[in-house]
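Please read this briefing with the sequence and the 3D structure open beside it. The points are grouped by topic.

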Amino acid sequence: MWRIFFSMMLIASANISAAQQSTLIQQVLIADGSGKPMYKGSVRIAGNRIVAVGSIKALPGENIVQGNGQILAPGFIDTHSHLYGYLDEAPEALAALNQGVTTIITGQDGESDWIDSIKAQLAKRPVAVNVATYTGQTSLREIAMGANDIYRSSTAKELSTMQQKLQQELQQGSLGLSTGLEYEGSFYSHPDEVVALAKTTAQYGGRYMSHIRSEDIHMDAAIDEILKIGQQTNIPVQISHIKIALKDKWGTAPALLRKLDSARKAGIMVTADCYPYDFWNSTIRVLFPNKDFNSLAAATYATEHLFDPAGSVMVRYAPHKNYVGKTVAEIAQLRKETAAQTLLYMVAAADSFRKANPDAGGVETIMGKSMYEKDIADFMQWPYTNMCSDGGNGGHPRGYGSFTRILHQYVTVQKVLSWELAIHKMTALAAQQTGIQQRGRIAVGYFADLVLIDPTTVKDNASIANPKALSNGIQSVWVNGVLAYQQLQHTGKFPGVFVSRL
Ligand SMILES: [Zn+2]
């Protein structure tokens with residue numbers, strides 16, 4: 001008897017608390033993430049879910065949010081984020097929330113934290129944004145081969161250790177395998193090692209995400225490599241932050257996309273993500289695609305074909321702090337050298353600094369200007385490209401401004417994308433291409449990750465000079481049904497969760 005009574009009480013209290021906690025976002029233009037035309041309506045959220053969508057009457061006592069005809073979209077999913085490492089010091093995740101991002105996908109470019117540690121970290125220090133992760137090849141190499149001994153091919157025994165760890169991570173909900181093959185920690189890995197790890201990933205239903213082996217002079221071979229992995233494993237493969245960083249190849253995005261389309265016709269599930277800037281952020285070492293760091297000829301080639309010394313700014317440079325904020329051309333002028341000589345010097349000085357200070361992380365970072373605007377727009381419009389930031393917490397403006405820059409620059413100003421399509425590429429397509437479930441759509445039963453956007457004012461403000469400037473027009477952001485950001489401020493709530501593939 002008491003059991004029945006007790007369960008009745010539970011049901012009653014569940015109803016009451018649902019009514020108390022439900023929120024109705026009224027009079028909005030719903031861009032539901034599918035890419036279909038926006039429509040007028042309301043959305044009710046209760047607990048962490050969307051419980052009703054359409055023309056809905058308010059319940060007595062319900063929280064009402066007046067949308068005033070603004071756009072309500074699913075919270076954006078950033079499929080290539082470097083923000084996770086900063087969440088310990090900045091758990092409010094303003095970099096993400098100010099541009100409407102509610103889920104960040106970490107573990108990129110071959111480097112990841114283990115899921116146990118991510119979960120422990122989120123429990124210890126709750127954050128305002130959801131976190132999902134890939135498992136990085138370089139991180140696997142570090143545990144199997146030793147952190148200082150990864151600049152070679154792995155042995156069969158080491159590979160098997162890597163596969164075991166990868167398997168554990170996939171069983172815990174990792175989205176799949178990520179690689180950063182252009183970086184030295186995995187550049188020397190044999191393609192067979194990558195294929196073997198991707199096959200393990202396939203066994204557990206994961207996906208493959210790759211910063212490919214070259215984005216400039218060896219790009220054709222790098223594209224062939226990822227397509228081959230897709231073909232041999234039959235899993236979806238995604239090209240991270242697709243770009244053409246070789247001046248001689250500017251304008252050839254359509255040809256590359258034709259190649260990807262024919263691979264798709266042949267059954268290879270290749271996709272891409274993309275960020276909306278014509279300059280990247282990385283180490284100066286990537287300017288030496290053949291890893292010949294002492295060659296003046298290679299440095300000269302880099303200054304002429306791989307980046308614009310006058311448009312590329314040092315973000316970090318531990319050996320000479322006064323170089324920070326200056327372009328490579330300005331530093332060369334200071335040193336009375338050519339840009340190539342300066343580049344060579346800076347690589348060597350950074351190397352010596354690292355050797356003298358083995359624990360100094362992030363010795364040098366450059367924002368390298370090397371892309372062509374038309375290629376970026378072409379990549380963005382490919383039906384299988386979703387959006388990402390590739391950003392962290394400051395430094396490159398993409399960390400705070402990518403998604404709002406797309407809405408301002410490519411939707412409002414250039415009209416390269418419609419609102420619906422841009423939002424689709426930031427939400428449902430992003431979820432689909434990374435294997436995230438029940439997020440990225442405004443539909444009953446989906447998690448209530450939502451962003452209310454003023455389409456007349458939305459605009460990125462982050463710049464090289466002010467990389468943490470907040471965007472305009474992101475009115476409110478809900479994460480798992482909790483209002484996390486409003487009127488350019490974090491609300492003090494930390495509703496982010498770990499998002500598992502399973
Ligand atoms: Zn990358």
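Which residue of S19 does Leu450 stand opposite? Leu450 stands opposite Trp478 in S19. This is a predicted model, in which local features need pLDDT of at least 70 and side-chain atom pairs count only at pLDDT 80 or more, while totals for chains, interfaces and linings use all residues. Residues are numbered from 1 along each chain as its sequence is written, and side-chain values use heavy atoms, with hydrogens and water left out.

**Whole chain**

- The chain has 16 helices and 21 strands; these are DSSP runs numbered from the N terminus, with helices (H or I) of at least four residues and strands (E) of at least two.
- For 502 residues, a compact globule would have a radius of gyration near 23 Å, and the chain agrees with this, at 23 Å. The radius is taken over C-alpha atoms, and the globule rule is 2.2 Å times the number of residues to the power 0.38.
- Along the principal axes, the C-alpha atoms fill a box of roughly 80 × 50 × 45 Å.
- Buried residues make up 57% of the 502 residues. Buried means under 20% relative accessible area, exposed means over 50%, and partly exposed lies in between (1.4 Å probe, protein chains only).

**Strands around S19**

- Strand S18 (residues 450-453) pairs with S19 in the antiparallel sense over 4 bridges; two strands pair if DSSP finds at least two bridges between them.
- On S20 (residues 482-486), S19 also has an antiparallel partner, again over 4 bridges. Here Val477 has Tyr485 as its bridge partner.
- S19 and S20 form a hairpin with 2 residues between them, and Asn480 in the turn has a positive phi of about 50°.
- Strand S19 (residues 474-479) is mostly covered, with 5 of its 6 residues buried.

**An open sheet**

- An open sheet of 3 strands has the order S6-S7-S8, with parallel pairing. Its edge strands, S6 (76-78) and S8 (130-133), each pair on one side only.
- Neighbouring strands of this sheet are turned by 20° against each other on average, direction ignored. The axes are lines fitted to C-alpha atoms (for helices over the stretch in contact), and angles run from 0 to 180 degrees between N-to-C directions.
- S6 and S7 run parallel and are joined by 3 bridges, and Asp78 stands opposite Ile104 in S7.

**Zinc site**

- Asp109 (OD), His211 (ND1) and His241 (NE2) coordinate the zinc ion at 2.0 to 2.3 Å. Donors are N, O and S atoms within 2.8 Å of the metal (3.2 Å for Na, K and Ca); water is not among the atoms, so sites may look incomplete.
- In sequence, the donor residues are spaced D-x101-H-x29-H. Asp109, in the loop between strand S7 (101-106) and helix H3 (115-124), and His211, in strand S11 (residues 207-211), are 102 residues apart.
- Asp109 is buried, with a relative accessible area of 10%, and His211 is buried as well, at 3%.

**Aromatic rings**

- There are 7 aromatic pairs. Rings of Phe, Tyr and Trp (its six-membered ring) pair if their centres lie within 6.5 Å; planes under 30 degrees apart count as stacked, over 60 as edge-to-face and the rest as tilted.
- Tyr277 and Phe279 have ring centres 5.8 Å apart and planes at 70°, so the pair is edge-to-face. Both Tyr277 and Phe279 are buried.
- Phe288 and Phe293 have ring centres 5.6 Å apart and planes at 55°, so the pair is tilted.
- The charged end of Arg264 sits over the ring of Tyr384, 3.4 Å from its centre. For this, NZ of Lys or CZ of Arg must be within 6 Å of the ring centre and within 35 degrees of the ring normal.
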